[in-house]
Amino acid sequence: MESAPAPARNSYRRLKARLFLTGMLSGKITFRKLWNVVLCTSAYLLKTRRSAGSPFILSLELWNECNAGCLFCRDKKGNIYNINPDSTTFGSISKGKMPAEMAMDIIDQVSKDVLIAVLYTNGEPLLYKDLGKVIRFATQRKVMTMISTNGLLFTEQNAREILEAGLDFIKIQLGGFTQDIYSIQIRYGEVEKLKENIRMVARIKKELNKSTLIMIDWITYNYNRHQIPLIRQFCQELGVMLSFRQGNARGGLEDKETPLPTQTLPISCDWLWKAMQVNFNGDMLQCCEGVIWSDLKPYTTYKTGDKNVRAIWNGPAAIATRELMATKGRKSMPICSQCQRSGVAFKW
Ligand code: SF4
């Protein structure tokens, strides 16, 4: 049996290096964007009230609906788990879609500085009918894009559409190589169909001669470790990347699996100085955890056409949150005291 490295949070160093190369070659990474990274990072290190003029990661929840019904994410009825243990509205994370116009409006305002737009947070992006449109818009504005998907809804048509639109990175979740293992965690999905879909996406990418990076996101549990050699071989044959991270022992697996750590980290959080999260309804949040933490007060609720994304990024609510983190650390905010996130990346 192979014991895989399975950190709770993956730092994706190799991926970031490859994305950087892809972005440089495509002209989506410019000197100005790199300078913005330097300014955001300096602001984080110095814990200044204001950050650079723009975040360097923009994370958009296009739609939080999902077709797979994973145990760690939502209940049988599709209700998304609320991670706020003290919520007065426990169990009620509302669902909805972000209008494509809002997504494009926000991307447009930070396009000269943002390195990458992450086009999912908690939902399945292939359900969003305007996904190709938003990716194409970002590509025209020279912004890199990525999605993470369960891969079950890929078709020849939507795969071609998003690859042709210029998507830079696709992460595809897989937690079992055979149906009996795969369906321990994923309520609705056929793993053979998923594997076919992955082969198809890899084939179309080659046909279109695209530089899009494809990565299999193997979520490691005790119950699926023995299948790691199979997934390694699968990825090698297709020439796609493979990453490992520890699964979330929730939804009935609590007694069988190792829990994710919960202690408060003694380090400050980068997100507040480097990345911006927008929920489907326009709520501008301090980070991606906010989309599943009910009652989190947003910086503001954005309306399409407001044209003030940069002002919100360095507005009073963002500054007050940074000040709390800078002076009192993660314990100053309930959402942060339980959070294991360090560095900035996509949600998982
Ligand atoms: S510590 Fe976690 S919850 Fe708090 S802002 Fe950072 S990423 Fe979000």
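**View 1. Who lines up around the ligand, by class.** The shell around the ligand has 7 nonpolar, 1 polar and 3 charged residues (Ala, Val, Leu, Ile, Met, Phe, Trp, Tyr, Cys and Pro count as nonpolar, Asp, Glu, Lys and Arg as charged, the others, Gly among them, as polar). This is a predicted model, in which local features need pLDDT of at least 70 and side-chain atom pairs count only at pLDDT 80 or more, while totals for chains, interfaces and linings use all residues. Numbering starts from 1 along each chain as its sequence is written. Among the residues surrounding the ligand are Cys 269, Trp 271, Cys 287, Cys 336, Cys 339 and Arg 341 (near means a C-beta atom, placed from the backbone, within 6 Å).

**View 2. The open sheet, strand by strand.** Its 9 strands go β6-β5-β4-β3-β2-β1-β7-β8-β9, with mixed pairing (strands pair if DSSP finds at least two bridges between them). At the edges sit β6 (241-246) and β9 (300-301), each pairing on one side only. Strands β7 and β8 (residues 283-285) run antiparallel, joined by 2 bridges, and Gln 277 stands opposite Leu 285 in β8.

**View 3. Helix α3 on the sheet.** In α3 (residues 100-110), the buried residues include Met 102, Ile 106 and Val 110 (buried: 20 or more other C-beta atoms within 10 Å of a residue's own, C-beta atoms being placed from the backbone). The buried residues of α3 pack against β1 (57-60), β2 (116-118) and β7 (275-278), as well as α4 (131-140) and α10 (309-313) (contact: C-beta atoms, placed from the backbone, within 7 Å).

Conventions: A residue is buried if 20 or more other C-beta atoms lie within 10 Å of its own, exposed if 12 or fewer, and partly exposed in between; C-beta atoms are placed from the backbone. Helices (H or I, at least four residues) and strands (E, at least two) are DSSP runs, numbered from the N terminus. Two residues are in contact if their C-beta atoms, placed from the backbone, lie within 7 Å.
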